[in-house]
Amino acid sequence: MILTVDIGNSNIVLGCVEEGHILFQARIVTDQIKTSDQYCAELKTMLDLYGAKIQDIEGSIVASVVPPVLNAFRTAIRKLTGKNCLVVGPGIKTGLNILIDNPANMGADLVAGDVAALHEYRPPLIVVDMGTATTISVLDKTGAHLGGCVCPGLKISMEALTNRTALLPGISLDKPKRVIGRNTIDAMRSGIMLGTACMLDGLIARIEEELGEKATVLLTGGIGKFVRPLCKTEIIYDGDLVIKGLWHLYRENRKLVE
């Protein structure tokens with residue numbers, strides 16, 4: 001059993017994978033103040049909750065966009081399992097042809113998502129990950145990573161709207177009943193949810209125009225499943241994409257920690 005960890009700005013997504021089968025996926029809150037002991041306790045709690053035994057963990061792999069948390073979590077894994085973990089970064093064999101200006105700047109979560117996408121789908125591909133930020137990766141027909149887009153995440157947009165406007169309340173991220181809201185709540189929900197869907201539709205159309213061909217569009221991230229039905233573009237939702245990518249990366253690089 002392989003432990004996969006995706007450390008994002010808002011949440012840490014944990015997964016356990018056995019021979020390609022995802023046993024469970026869980027989330028804990030990202031907190032830069034927590035110590036390795038606290039993360040160790042939270043990790044053990046999640047494993048116990050889903051019936052995963054520590055002694056069954058053969059190895060682990062971590063992707064992180066939050067360096068201070070990465071160090072604490074690496075230590076937590078070592079304390080809990082007695083083994084070092086793989087970290088997605090320099091020295092890891094990915095199989096990706098990354099054509100951006102500085103490949104070292106590509107986020108570890110984007111690397112994992114692209115790796116999984118290329119294992120399961122035929123390029124060209126557009127990979128959308130809806131987390132704290134909404135990121136879009138573009139892979140051409142050869143599978144090369146050309147670059148992409150970074151947009152404010154849906155929750156960031158909502159929080160900015162409610163925190164900086166005294167008369168606008170907080171809202172839940174439910175499906176809007178109609179485009180033209182008849183009260184403040186419905187108008188905000190329409191603007192946030194449908195606005196995000198329209199942004200994705202528009203960006204995907206322009207990316208395909210720039211590519212000169214249609215692409216398979218993949219969507220991942222917890223919020224993504226609520227937005228996909230609102231899009232007019234044909235989109236495949238895969239909430240486990242990053243976990244799958246981390247598992248593939250571990251299989252290719254396991255000798256680095258053995």
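The lining of the second largest pocket holds 10 nonpolar, four polar and no charged residues. Ala, Val, Leu, Ile, Met, Phe, Trp, Tyr, Cys and Pro count as nonpolar, Asp, Glu, Lys and Arg as charged, and the others, Gly among them, as polar. This is a predicted model: local features need pLDDT of at least 70, side-chain atom pairs count only at pLDDT 80 or more, and totals for chains, interfaces and linings use all residues. Residues are numbered from 1 along each chain as its sequence is written, and side-chain values use heavy atoms, without hydrogens and water.

Stay with this pocket. Its volume is about 340 Å³. Select Gly89, Pro90, Pro103, Ala104 and Met106, the closest to its centre of 14 lining residues. (A pocket is an open set of points on a 1 Å grid over the protein atoms alone, where a 1.4 Å probe fits, with protein on both sides within 12 Å along at least five of seven lines; lining residues have an atom within 4 Å of a point. Volume is the space filled by probe spheres set on the points, joined across faces, edges and corners.)

Next, the largest pocket, about 870 Å³. Select Asp109, Asp129, Gly131, Thr132 and Ala133, the closest to its centre. Then colour strand 8 (145-152). Strand 8 gives the most to this lining, five residues. (Strands are DSSP E runs of at least two residues, numbered from the N terminus.)

Now follow the open sheet, order 8-7-6-9-10, with mixed pairing. (Two strands pair if DSSP finds at least two bridges between them.) Strand 8 and strand 10 (236-237) are the edges. Finish at isoleucine 126: its bridge partner in strand 9 is valine 217.

Conventions
Helices (H or I, at least four residues) and strands (E, at least two) are DSSP runs, numbered from the N terminus.
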